[in-house]
Every structure is written in C-alpha cells, then in structure tokens.
Amino acid sequence: MHSSATPYLKALGTRLLAGIPVLLLVTFAATALSDLMAGSAAQAILGEFATPEQIAQLNAAYGYDLPAWQRYLRWLGNALQGDLGHTLYSQQPVAQVLFDRALVTFEIAFAAMIFSLAVAVPLALAMAARAGGRLDSALRFAASAMLAVPTFVSVVVLSLLFSIFLRWLPATGWVPFFDDPLGNLRHLILPVMCLSVHQVAYFFRVARNEFLATLQQDFIASARAKGFSTRYILWHHVLRPSLPQVLTVMGLSMTYLLGGSFIVESFFAIPGIGWTVLSAVQDHDLAMVQAILVLTVLIFVLVFALVDLGYALIDPRVEVK
Amino acid sequence: MAPQPQHTLLDIRNLHLRLPSPKGELHLLNDISLTLERGRTLGIVGESGAGKSMLIRAIMGLASRKARISGEIRFDGDTITGMPEARRRRLLGARVGVVFQNPTASLNAFERVGPQVSEAARVHRGISAEEARELAISLLERVGIPDAASCHDRYPHEFSGGMKQRIMIASALAIEPDLLIADEATTALDVTVQKEILDLLQILQAETGMGMIQVTHNLGVVAGRTDEVAVMYGGRLVETGPTRAVFEAPGHQYTQRLIAAVPSLQAPIDQELVSIPGQPPDRLIGIRACPFAPRCAAATPLCSETMPVLAPAGDDGHKAACHHPPRVPAQTLEGAR
C-alpha cells in the first residue's frame with residue numbers, strides 16, 4: 001500500500017477514460033435501435049390519429065426523421081455541453097429528473113448491498129469454522145433455495161406478508177430521505193429485503209467457499225501452530241485474504257441490483273431509474289432512455305474500476321497501474 | 001543412564017493415530033515412543049509419507065478432528081493428550097515454535113512482516129504495540145535480516161525465499177520457545193541457503209538452550225547437527241538413538257539403505273545412484289509383519305511373519321526394530337554434509 005493516494009486517482013482516471021469507447025458504442029447503438037420501432041417515432045408518440053402536419057412538426061422539432069448517425073451526433077453534441085434534452089411530456093430537463101431518480105435507486109441498491117454483506121459475511125465466517133456441520137448444511141440449502149426464487153416472486157411474497165398480513169410496512173410509494181427520514185426508512189425496507197434475498201444467498205455461498213479455501217492455506221497452519229483460536233484466525237488471517245473474491249462478486253452483483261431495481265421499483269411504484277426507464281420506453285421518451293443508458297454505462301465502468309483499485313488496496317502484491 | 005524426568009521436555013509414549021478414510025481406517029502412526037531432553041536436538045527422518053509431519057501435527061494438536069489418537073504425550077511434565085483443546089493450544093502456542101517447509105506459503109501475504117513476527121507474543125503475552133515493534137525488529141536482526149527496522153513494515157513478497165524463512169524463524173522465536181520444531185524447514189530452499197538456515201538454527205539453539213526437532217527427509221540435515229535421530233518408516237519408529245551411533249552402525253536395514261542412498265561427491269562420476277526399490281507400505285491395514293520386509297534385500301520369512309520390536313542395538317539407548325540388523329558399517333556421510 002502506498003501512503004499517497006495519487007497513484008490510485010491516476011489509475012481510476014485511466015480506467016474511466018477506457019470506458020469512453022464503450023459509452024459511445026452503447027449510446028450509438030441505442031440511437032440506431034430506435035429505427036427498429038414499428039412505425040415512426042413521431043407516429044408512436046402522437047398516436048394513431050395524428051395528422052401528417054403534427055407528425056412533420058414533431059419531426060422538425062426533434063429530428064426523428066433524420067438518419068441514426070445524424071441524430072446521434074446531434075445528441076452527442078448537446079450531451080457534451082451538458083444538455084441531455086428534456087422529457088417528452090413534462091418538458092423537464094432530463095439531467096435533473098435523472099439525478100432525482102438515480103438517488104432513489106442508488107439508495108436502495110446501496111442499502112441492499114450493505115445489508116446483504118452485513119448478514120452474509122459474518123455468517124459465512126461462522127460457517128467456515130464449522131463447515132460440514134448441521135447448521136452449515138442447513139444454511140447452504142437455504143441459500144440455494146433463496147437463489148432459486150425469482151425477484152418477481154419475492155416481491156409478491158414479501159409484500160403480501162409484511163404489508164397485507166402484518167401491516168408493518170407500506171406496500172407502495174416512496175418518501176425522500178430529506179422530507180421524512182423515518183418514512184424513507186419504512187419505504188426502504190421492503191425493496192431492500194426483496195433485493196437482498198438473492199444477494200445474501202449469493203454472498204454467503206461465495207464468501208463461505210472462499211473462507212474455506214483460505215483456511216486450507218499454509219499460513220493458516222502456521223497460525224494454528226502458534227496456538228491462535230479459530231475465531232482469531234478467522235478475523236485476522238482468513239477475512240482479508242478472502243476479500244478480493246468477495247469484491248469481485250460485489251462488482252458483479254451491481255448488475256443484479258440494477259436489473260432487480262426494474263422489477264422492485266415497478267412493483268412498489270418507487271420513482272427510481274428502473275421505474276423511469278420502463279415508463280420512458282413505453283412513452284417513447286428517447287432522450288430519457290438515452291440518458292439512462294449513459295448513466296448505466298458510467299456506473300458499470302466506475303464500479304469495475306473501483307473493484308480493480310480495491311484489489312490493490314486489499315492485496316499488497318497487486319500494484320496499481 | 002535414565003533421564004531425569006524434570007529435564008524431559010517432550011515425552012511421547014505409545015502414540016497411535018488412526019484416520020478414517022473412504023477406503024478404510026489409515027494407520028498413520030503406530031506405537032511411537034520418543035523423548036526429547038531440554039536443550040537437545042532430535043532429528044526425525046524418513047521418506048515422504050513415513051508419518052513425520054503427522055507426528056508433529058499430533059504433538060501440536062493440529063491433526064484432523066476425525067483422527068483417533070491414543071497413547072500419551074507429555075510436554076514439560078504436562079500431559080497434553082486429552083487436555084481441553086483451548087488449554088493445549090495456549091500452552092503449546094506460548095512455548096513451542098514451529099517453522100514449516102514453504103516460507104512463501106507459510107507467511108500471510110496480506111500482512112506486514114513485523115506484525116507477523118511479533119504476533120504470537122502479542123496474542124499470548126499481550127505486549128503493547130511499541131513493545132511488539134521493538135520485539136519484531138530485534139528478532140529480525142537476530143535472524144540476520146539486514147536493515148530490520150525498515151523491513152518491519154514491508155510485505156512478505158518483497159523478500160527472497162531464504163529471507164522469508166528467516167522471518168518465519170523470527171516469528172517462531174517471538175515467544176522464546178522451549179521447543180522449536182523445524183518441519184522440513186529447509187527443504188524448499190536452495191542448497192546454499194539451506195546451509196545458512198541450518199547454521200542459523202544451530203546458533204539460535206546454542207544461544208537460547210531451547211530443544212529442537214528437525215523433521216526432514218534429508219539425512220544431511222540431521223548428520224552432524226542433531227544429538228539424536230529417529231528413523232520413521234510406514235508410520236512406525238524403526239530406529240532411534242544417538243545420531244553418531246545410528247549413522248556409524250545402523251541397526252536397521254532401512255536405515256542402512258537410506259544412508260547408502262545419499263549421493264556422495266567423492267563417488268566416481270559414473271557410479272549409479274543407489275535407490276530403495278519398491279513403494280512405502282499401504283497404510284490401510286494394521287500389518288503384523290516388518291513394514292520394510294517387501295522392499296528389504298535381507299528379508300527372510302520371519303520378517304513377513306513377525307513384527308520386529310525396538311530392541312537395543314548399541315550403547316546410549318540406540319534401538320532398532322530389525323530381525324536382521326546390518327553387519328557391515330554403513331558408508332560415512334561425507335557427501336551428505
């Protein structure tokens with residue numbers, strides 16, 4: 001580990017720059033894909049009773065009739081100046097709307113990640129110490145079962161239980177944190193639980209197996225020969241060497257958390273990006289769809305860059321480049 | 001001369017270790033009896049699979065939980081077999097240091113070197129952070145790490161194999177052990193580095209007066225560096241005694257063949273290397289014959305009918321379990337040193 005943060009920032013910068021081609025490719029593909037929609041975009045937006053004049057007007061305003069590459073360059077030029085366009089119906093700046101919605105999704109995804117790790121990792125440590133035991137076997141079975149439950153099932157089951165039968169938690173809706181922190185928490189719990197069903201099981205399995213593999217290492221034998229307790233060995237010698245694997249899985253699970261947010265947000269009517277992208281696609285709000293794609297690509301590039309840097313922070317043998 | 005009990009550091013009596021396996025029960029240690037006096041050095045030699053490392057694991061309480069162990073092990077008067085696990089762990093952890101074969105794998109690559117060196121003292125003696133740092137630096141100096149103070153905060157991968165083994169030795173010394181066990185500690189190192197490490201161990205032992213066990217398949221490690229030697233074969237002790245006596249007049253055919261198999265620099269260049277044909281015995285069944293009989297040139301029907309017991313083969317407690325002890329003195333160990 002270096003005392004200075006500069007090499008890390010530099011490495012982060014290089015990785016973000018490397019994400020630019022991906023960003024361009026994905027956004028261009030999205031622009032081009034809208035050509036595949038049945039009928040013209042303007043027709044779809046205005047509905048089947050639109051007059052040719054109305055369609056021509058809309059095309060003139062938004063350039064829907066231009067070839068894909070022209071539309072793309074137009075969008076890119078504006079985007080580079082910070083203008084992501086306006087939402088189709090409410091005519092709000094896309095960037096502003098997206099920022100508000102993304103905060104909601106990030107809050108849920110972040111909470112689900114923290115919650116899942118906080119449950120799964122200590123449990124995995126405890127089970128690695130008694131691998132093959134009854135409790136370990138039971139938890140492994142439970143984890144397999146939890147992984148087999150699709151999110152659209154867990155949302156129904158959990159909301160049925162906690163909102164309909166027990167009436168502990170609100171079934172739908174959202175309260176921003178800064179308006180009402182407690183209300184925010186109450187609305188947060190169900191979506192986080194739904195996303196965590198998978199995450200807890202996934203992290204538990206990966207972490208347990210990784211801890212077990214680390215326990216087989218020679219340096220664990222020398223720690224045992226020094227008379228350290230199993231608990232001490234788990235916390236001081238097993239946890240950190242196992243973290244790179246857990247970190248990899250954390251990065252990958254971001255894909256699940258974002259994908260899962262589509263289902264969870266639409267089920268609980270939460271105004272996050274998952275919910276937004278579904279309605280934007282339905283409404284043919286192309287500017288919004290494009291902006292969400294940009295955000296998604298940025299998130300992934302950033303997450304994987306952070307995972308890379310995380311390896312270097314955890315493992316002294318890994319150098320940041 | 002009977003050893004005085006209060007000076008006996010390690011006393012192993014009739015130790016057996018059985019391990020259940022899918023194919024049946026493995027007889028990994030059979031009727032092992034050994035003693036080590038305070039401040040003395042014992043070499044345990046044998047081929048891979050002879051049970052040397054298993055014996056160390058049984059002593060340290062590191063054998064598999066499934067293993068069935070019988071017999072008695074006493075450490076400095078305390079019977080450690082049958083002792084509650086946590087108590088045994090603390091007792092041995094605070095008084096026995098172990099150095100393993102592969103220094104690269106035996107150090108935690110994720111932790112700085114200094115804290116690893118002082119760790120056992122921090123855990124067992126609860127010394128402060130500053131004391132731990134001082135202790136680690138002084139130990140690193142003692143095992144010959146140049147610029148020990150700056151090495152304290154470096155990671156294992158920044159050191160060579162020989163240096164890492166020195167660091168492992170330093171970490172085993174942190175508790176000022178009464179017994180140091182070197183389990184194939186030089187096997188993974190270059191020959192020149194091997195000699196340096198062996199010399200270092202010898203010096204440290206002379207300085208501290210700790211007892212030492214050298215576990216090795218390399219007779220050269222044992223010859224001239226240990227007071228006593230125990231030869232293991234097929235999970236049994238086949239010969240034990242003062243190192244000099246065992247090497248000069250081996251009392252077991254296996255020991256003699258082992259000594260003869262050591263390549264010598266004095267030998268003519270076209271001389272074929274001696275090897276012992278055959279495989280070590282299958283440990284599935286508790287055999288009643290001499291375990292070496294199938295590979296032994298001197299074997300007679302008696303050898304495959306009756307198990308030879310350890311019997312006096314010379315002075316000073318030299319014992320061997322052989323029906324037909326070799327008559328010819330073995331070649332001297334010039335080449336092995």
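This is a predicted model: local features need pLDDT of at least 70, side-chain atom pairs count only at pLDDT 80 or more; totals for chains, interfaces and linings use all residues.
Figure 1. Leaving aside residues up to four places away in sequence, B:Thr81 touches B:Gly71, B:Glu72, B:Ile73 and B:Arg88.

**Figure 2. The buried residues of H2(B) and what covers them.** Within H2(B), the residues B:Arg88, B:Leu91, B:Leu92 and B:Gly93 are buried. An α-helix has 3.6 residues a turn, so residues three or four places apart point the same way. The cover over the buried residues of H2(B) includes elements from both chains, namely helix H10 (218-225) of chain A and, from chain B, helix H1 (52-60), strand S4 (68-75), S5, S6 and H4. B:Arg88, one of the buried residues of the helix, is also among the residues that B:Thr81 touches.

**Figure 3. The interface between chain B and chain A.** In this view, 24 residues of chain B are in contact with 21 residues of chain A. The two chains bury about 2100 Å² between them, and 59% of this area lies on carbon and sulfur atoms. B:Arg89, B:Phe110 and B:Glu119 supply 31% of the area that chain B buries against chain A, more than any other three residues. Between chain B and chain A there are 0 salt bridges, whereas 9 residue pairs are in polar contact, with both residues at pLDDT 80 or more. On the side of chain B that touches chain A, two or more residues come from each of helix H2 (85-95), strand S6 (96-99), helix H3 (103-106), helix H4 (113-125) and helix H7 (161-173) of chain B. H4(B) gives the largest share of that side, with 5 residues. By residue class, the side of chain B that touches chain A divides into 13 nonpolar, 8 polar and 3 charged residues.

**Figure 4. The contact between the two domains of chain A.** Chain A is divided into domain 1, which spans 2-80, and domain 2, which spans 94-314. To their contact, domain 1 of chain A brings 20 residues and domain 2 of chain A brings 15 residues. The C-alpha centres of domain 1 and domain 2 of chain A lie 30 Å apart. Together these domains bury about 1600 Å², of which 81% is on carbon and sulfur atoms. A:Tyr8, A:Arg15 and A:Leu23 supply 32% of the area that domain 1 of chain A buries against domain 2 of chain A, more than any other three residues.

Figure 5. In a salt bridge, the side chains of A:Arg15 and A:Asp308 meet at 2.8 Å, N to O. Between the two domains of chain A, 3 residue pairs are in polar contact, with both residues at pLDDT 80 or more. Helix H1 (6-18), helix H2 (20-33), helix H3 (41-46) and helix H5 (68-80) of chain A each supply at least two residues of the side of domain 1 that touches domain 2. The largest share of this side, 6 residues, comes from H2(A). The residues on this side of domain 1 of chain A divide into 15 nonpolar, 4 polar and 1 charged.

**Figure 6. B:Glu47 and its neighbours.** B:Glu47 is found in the loop between strand S3 (41-45) and H1 of chain B, and at a relative accessible area of 22% it is partly exposed. Not counting residues up to four places away in sequence, B:Glu47 touches B:Lys52, B:Tyr233, B:Tyr254, B:Pro280 and B:Arg295. The side chain of B:Glu47 makes a polar contact with the side chain of B:Arg295 at 3.1 Å. B:Glu47 and B:Gln194 are 147 residues apart in sequence, and their C-alpha atoms are 19 Å apart in space.

**Figure 7. Two loop residues of chain B with positive phi.** B:Asp147 lies in the loop between helix H5 (129-142) and helix H6 (148-151) of chain B; its phi is near 55°, a positive value in a residue other than glycine, and at 55% relative accessibility B:Asp147 counts as exposed. B:Asp316 belongs to the loop between strand S11 (311-312) and strand S12 (319-320) of chain B. Phi of B:Asp316 is near 55°, again a positive value in a residue other than glycine, and B:Asp316 is exposed, with a relative accessible area of 68%.

Conventions. Residues are numbered from 1 along each chain as its sequence is written. Chains are lettered from A and ligands numbered from 1 in the order in which they are written. Side-chain values use heavy atoms; hydrogens and water are left out. Domain bounds come from an automatic or database domain assignment. Contact means heavy atoms within 4.5 Å. Buried area is the accessible area (1.4 Å probe) that two parts lose on being put together, summed over both. A salt bridge is a side-chain nitrogen of Lys or Arg within 4 Å of a carboxyl oxygen of Asp or Glu. A polar contact is a pair of N or O atoms within 3.5 Å; within protein, one must be able to donate a hydrogen and the other to accept it, and residues adjacent in sequence count only if both atoms are side-chain atoms. Helices (H or I, at least four residues) and strands (E, at least two) are DSSP runs, numbered from the N terminus. Ala, Val, Leu, Ile, Met, Phe, Trp, Tyr, Cys and Pro count as nonpolar, Asp, Glu, Lys and Arg as charged, and the others, Gly among them, as polar. Buried means under 20% relative accessible area, exposed over 50%, partly exposed in between (1.4 Å probe, protein chains only).
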